[in-house]
Amino acid sequence: MSENHQHTHIVPLSVYYTIFAALLVGTALTVWVAYIDLGALNTVVALAIACTKATLVVLYFMHVKYASKLTWAVVSGSVFWLLILLALTFNDYLTRHLLTYG
Amino acid sequence: MASTAPIAPLPTLPKKHYLNDGTTVASWLLTRDHKRIALLYLVAVTVFFVIGGLFAVLVRLELATPAGDLLSDDSYNKVFTMHGVMMVFFFLIPAIPGTLGNFLIPIMIGAKDLAFPKLNLASWYIFMIGATFGTYSVLNGGLDTGWTFYTPFSTVASTSAVVPAALGVFINGFSSILTGLNFIVTIHRMRAPGMTWFRLPLFVWSHYATSLIMVLGTPVLAITVVLVAAERIFSFGIFDANRGGDPVLFQHLFWFYSHPAVYIMVLPAMGVMSELVAASCRKPVFGYTFVAFASLAIAIIGFFVWGHHMFVAGQSVYAALIFSILSFLVAVPSAVKVFNWTATMYKGAVSWQTPTLYAIGFIGLFTIGGLTGLFLSSVGLDIHLTDTYFIVAHFHYIMVGGTIMGYLGGIHFWWPKMTGRMYNELLAKISAALIFFGFNLTFFPQFVVGYLGMPRRYHAYPPEFQMLNVLSSAGASILAVGYALPLSYLIYSLKYGKVAGNNPWGAVGLEWTTTSPPPTANFEETPLVTWDAYEYPARVEGHVA
């Protein structure tokens, strides 16, 4: 791996301010959209905004955008593990109407 | 021939080693030496093992008679819960990684310390803070939810100390995560020149796999117990069906960590086993690569099987089928290990020392524990056996028959390295035998009584189950003696034990090339590794036994 001679990427402050502003907009959007009844899409929209915000934090505030391939592998692995949790849990919830004991 | 052979000088302790490098209390409590931190863990987990063991004594005393005569039903709930919480979170999970892992990983890979020594000390303090909360919940009314904190009982019904116990488990989780992180970075970055991945001892491989689970799984448990506490305090409604929540969601989240946690407990013991088997048979571990990758396979597949704890919890039949198949799958790498250990022993020159007895005991007991796990992976059979003593017997065969046998085997194997002294071998063999027989007498009858239908977690039971329960309680008393003995002869050996020398077992591995006890920096100079792990018998050096 090439971590030994990895150089620190200096991110201009303006990037941090922009991301911070984007996160605030995301928060405002979440509050605003909570007052509108979108039916089944309520949760989907809220989660979509939250995931976008989380991605921004991971990429910029946690510097993953500028990190080595090993870091990307760790992040991808973590997301994959989250997907295991979600996939197998939904494997239960989404099939309960088909057949359940007792 | 004997008359002409020179008499080997008796081994002596090195003048300077990690134990006498600073003798003040502060030199221990502020140490960054991984070996001293390992001993801090050793003392701490021993205390929690004794506390957890005392609760087990109460359980077995109560169950000696069919009537609920010693403890009320409420007290009994608390006693088995505190037994579980203390043993799982404050003994089994940290025991081998915290003590043997901490002590050995840097030495085995030829490093001076772990990658983050201060973080290592912080892990111990965090563990102690978490354990203090756990102990506080014991003293402050106890916890009665079972170690699993199942909702809705834990969130809306229980009047016991759920919040401090949950906080204790939450805080303890950070200790686990930091230890795992430290091990992963250390194994990646701190290996001595020439110590390639496939020259690593299997103990290191299994700790690498364990660390992956710690880092990937523990956050989920931590946040789940926080949600339980939050739901109790603020009535959130995440798990409460009355507020649109789902109690089964708790089980999904809890077992997503807690099933892999079984592997956090047993994988390090498997690592110990590989070392013990090779050293006691003077043979390389059969199929090194398979055993190494089996550790990773267990760590990964272990995350896909949690639903087998929920076959009767209301999950869909289809989910149950998937989890059942996946659970059968996770048995494969475990079986690979068992077969490889036995293949290693085949035609080996087995030396009947105490660590060997623990190793052989482990193979037998872990195999029974693993095979009964397959019974429980079968949905149909599991519906009959869920919440019976069959389950209790099964997981004790894994946790006690596997993890504790591995832990004690490891402690006996590396005790001369840790302290520089040998213990009384006869007493040690007697205690290993007592533990083996006591254990089987305690837990084998529980398979039978569970199969016959005796449910777990009740303080009273029908009289026809008494004989099997008396056998079990009698076995527990033998087991207690078996556990008390090492405590006494190991402490005695610290001052009066025979000086062990650098390599009393004639084992290979970098830890046996340095002094016993090792210097603070582990080696006089960084070793250059030009050989594979387990090059028996060619590489045995300095064998003085």
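**Contacts between the chains**

Guide: Begin with the contact between chains: 15 residues of chain B are in contact with 13 residues of chain A. Keep in mind that this is a predicted model.

Visitor: How do I read a pair of packed helices, for example α10(B) and α11(B)?

Guide: Take the angle and the axis separation, then the handedness, then the residues. Helix α11 of chain B spans residues 354-377, and α10(B) packs with it at an angle of about 165 degrees, with the axes 10 Å apart. Because an angle over 145 degrees counts as roughly antiparallel, α10(B) is roughly antiparallel to α11(B). Their crossing is left-handed.

Visitor: Which residues meet there?

Guide: From α10(B) the contact includes Phe328(B), Ala331(B), Val338(B) and Trp341(B), and from α11(B) it includes Ile363(B), Phe366(B), Gly370(B) and Leu374(B). By class, this contact has seven nonpolar, eight polar and no charged residues.

Visitor: What angle do α8(B) and α13(B) make?

Guide: Helix α8 (residues 247-281) and helix α13 (residues 389-419), both of chain B, pack at about 45 degrees, and their axes are 8 Å apart. That angle makes α8(B) oblique to α13(B). The crossing in which α8(B) passes α13(B) is left-handed.

Visitor: Which residues of α8(B) and α13(B) meet?

Guide: On the α8(B) side, Val262(B), Met265(B), Ala269(B) and Glu275(B) are among them; on the α13(B) side, the list includes Gly402(B), Gly406(B), Gly409(B), Gly410(B) and Phe413(B). The residues of this contact divide into eleven nonpolar, five polar and one charged.

Visitor: What domains does chain A have, and what separation do their centres show?

Guide: The domain assignment gives domain 1 as 1-66 and domain 2 as 68-102 of chain A. Taken over C-alpha atoms, the centres of domain 1 and domain 2 of chain A are separated by 22 Å.

Methods
Residues are numbered from 1 along each chain as its sequence is written. Chains are lettered from A and ligands numbered from 1 in the order in which they are written. This is a predicted model: local features need pLDDT of at least 70, side-chain atom pairs count only at pLDDT 80 or more; totals for chains, interfaces and linings use all residues. Axes are lines fitted to C-alpha atoms, for helices over the stretch in contact, and angles run from 0 to 180 degrees between N-to-C directions. Helices (H or I, at least four residues) and strands (E, at least two) are DSSP runs, numbered from the N terminus. Angles under 35 degrees count as roughly parallel, over 145 as roughly antiparallel, 65 to 115 as roughly perpendicular and the rest as oblique. A crossing is left-handed if the near helix is turned anticlockwise from the far one by less than a right angle, and right-handed if clockwise. Two residues are in contact if their C-beta atoms, placed from the backbone, lie within 7 Å. Ala, Val, Leu, Ile, Met, Phe, Trp, Tyr, Cys and Pro count as nonpolar, Asp, Glu, Lys and Arg as charged, and the others, Gly among them, as polar. Domain bounds come from an automatic or database domain assignment.
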